[in-house]
Amino acid sequence: MKKITLFLLIICSLQVHAQKVQGLALTPPMGWNSWNTFQTNINEQLVKDIADVMVSSGMKDAGYEYLVLDDGWMAMQRDKNGNLIADPKKFPHGMKAVADYVHSKGLKFGLYNCAGTKTCAGYPGTRGYEYQDARYYAAHEVDYLKFDWCNTEGINAKEAYTTMSKALAATGRPIVFSMCEWGQNKPWEWAENVGHLWRTTGDISNVFAGTKDMGTWHALGVLKIIDLQKGLRKYAGPGHWNDPDMLEVGNGLTEAENRAHFSMWCMLAAPLIAGNDLRKMSNATKNILINKDAIAVDQDKLGIEGFAYKEKDSVETWLKPLENGNWAVCFLNRSTKPVSVEMNWEEKPIYDYFSKAILDATKNTYQIFNIWEKRVEGNTRHSFKATINGHDVILLQLKKV
Ligand code: GLA
């Protein structure tokens with residue numbers, strides 16, 4: 001009898017300690033976040049404008065769902081009961097009114113905080129207030145929490161993120177938990193049941209190659225971030241994603257670079273969190289962000305992160321297994337000069353040992369669809385030959401016929 005009671009107690013406690021909400025983020029989360037363009041210069045009107053344009057631009061229909069306010073939404077102090085408060089100047093009607101507006105547009109709403117004593121921009125951090133802050137988010141109908149790693153003074157990352165994950169789960173509200181400790185503690189090794197996505201690197205910037213000098217630190221360019229994803233694909237899958245950081249599409253890269261950056265995030269099954277000023281985006285930027293075939297590569301239900309299959313000269317060939325035996329192929333030209341590329345599909349079958357998928361054009365024929373040119377380019381019976389412009393990509397969908 002005693003043994004049975006003990007067994008039941010263990011089962012119950014395991015259930016109570018079930019952490020992140022399962023069934024959320026089954027494909028990589030999509031949305032918009034304020035940080036890359038606005039930093040802490042955010043306010044109620046901006047949120048409303050962005051929510052409106054997410055709908056009117058076609059972003060919502062393309063799958064962008066979460067509107068997330070990053071650092072800078074809070075007042076500098078908690079209230080006398082220790083509750084967070086929204087900055088009353090930036091958000092004169094409080095945060096619930098903001099969440100209500102976002103929800104009224106059929107979107108979901110996200111906020112930001114930090115595991116440390118203060119956020120990176122110096123606002124009140126969550127350390128010691130995990131359950132209280134989780135209740136604040138649930139009461140304000142928050143659907144997504146980005147949780148940063150500044151001012152953490154040597155605390156244990158796994159414990160800190162697990163505590164917040166449990167606090168969110170305890171509210172009973174489904175909240176996507178976006179972990180942002182920059183890959184410093186290898187979250188991919190322990191966070192599958194803690195968060196829905198985890199940053200794999202330091203911050204991105206609006207440069208394609210190299211890094212950007214930020215004074216006291218260097219922000220990473222797109223290619224550097226791609227290189228840092230090596231070895232991580234086996235850790236990602238439905239409900240738990242590697243996050244190579246938010247998009248810089250539309251933030252000063254060339255059109256080719258925007259396309260290459262976006263294509264590679266799709267190949268990596270990365271969260272697609274736009275970070276540009278949607279109110280002012282060019283048609284070229286919009287057409288990249290809402291390309292439904294590129295997004296379908298990212299959002300493929302299998303949730304298998306792509307891999308670098310071949311590197312020759314400045315061109316990397318990336319492959320990503322898709323549902324129904326289909327594949328995505330991305331040729332990435334890392335140099336600034338045009339390069340020609342050739343792929344003989346029938347040369348040999350390609351095995352992905354991780355997912356067990358096989359691209360076998362010796363036995364099957366695949367129709368080739370060029371995603372950016374929006375046209376069918378024959379099939380895999382013929383070698384594929386093309387020229388790729390500098391810092392550009394060719395993104396193909398191979399559909400088994
Ligand atoms: C860190 C994060 C960024 C952003 C800022 C906010 O640098 O990595 O994505 O949230 O903090 O201060």
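Me: How many aromatic pairs does the count come to?
Reply: This is a predicted model, in which local features need pLDDT of at least 70, side-chain atom pairs count only at pLDDT 80 or more, and totals for chains, interfaces and linings use all residues. Residues are numbered from 1 along each chain as its sequence is written, and side-chain values use heavy atoms, leaving out hydrogens and water. Rings of Phe, Tyr and Trp (its six-membered ring) pair if their centres lie within 6.5 Å; planes under 30 degrees apart are stacked, over 60 edge-to-face, and the rest tilted. By this rule, the number of aromatic pairs is twelve.

Me: Which kind of aromatic pair do Phe-147 and Phe-177 form?
Reply: The ring centres of Phe-147 and Phe-177 are 5.8 Å apart. Their planes make an angle of 45 degrees, and the pair is tilted.

Me: How many residues apart in sequence are the parts that Phe-147 and Phe-177 tie together?
Reply: Helices (H or I, at least four residues) and strands (E, at least two) are DSSP runs, numbered from the N terminus. Phe-147 lies in strand S4 (residues 144-148) and Phe-177 in strand S5 (residues 176-179), so the parts tied together are apart in sequence by 30 residues.

Me: Is Phe-177 buried or exposed?
Reply: Buried means under 20% relative accessible area, exposed over 50%, and partly exposed in between (1.4 Å probe, protein chains only). Phe-177 has a relative accessible area of 1%, so Phe-177 is buried.

Me: What angle lies between the planes of Phe-307 and Trp-327?
Reply: Phe-307 is in strand S11 (residues 307-312) and Trp-327 in strand S13 (residues 327-333). The ring centres of Phe-307 and Trp-327 are 6.5 Å apart. The pair is edge-to-face, with an angle between the planes of 80 degrees.

Me: How far apart are the end C-alpha atoms of helix H3?
Reply: The expected span of a helix is 1.5 Å times one less than its number of residues. H3 (residues 44-56) has 13 residues, so it should span 18 Å. This agrees with the distance between its end C-alpha atoms, 18 Å.

Me: Which residue has a side-chain oxygen that reaches the backbone nitrogen of Gln-45?
Reply: A polar contact is a pair of N or O atoms within 3.5 Å; within protein, one must be able to donate a hydrogen and the other to accept it, and residues adjacent in sequence count only if both atoms are side-chain atoms. At the start of H3, the oxygen that comes within 3.0 Å of this nitrogen belongs to Asn-43.
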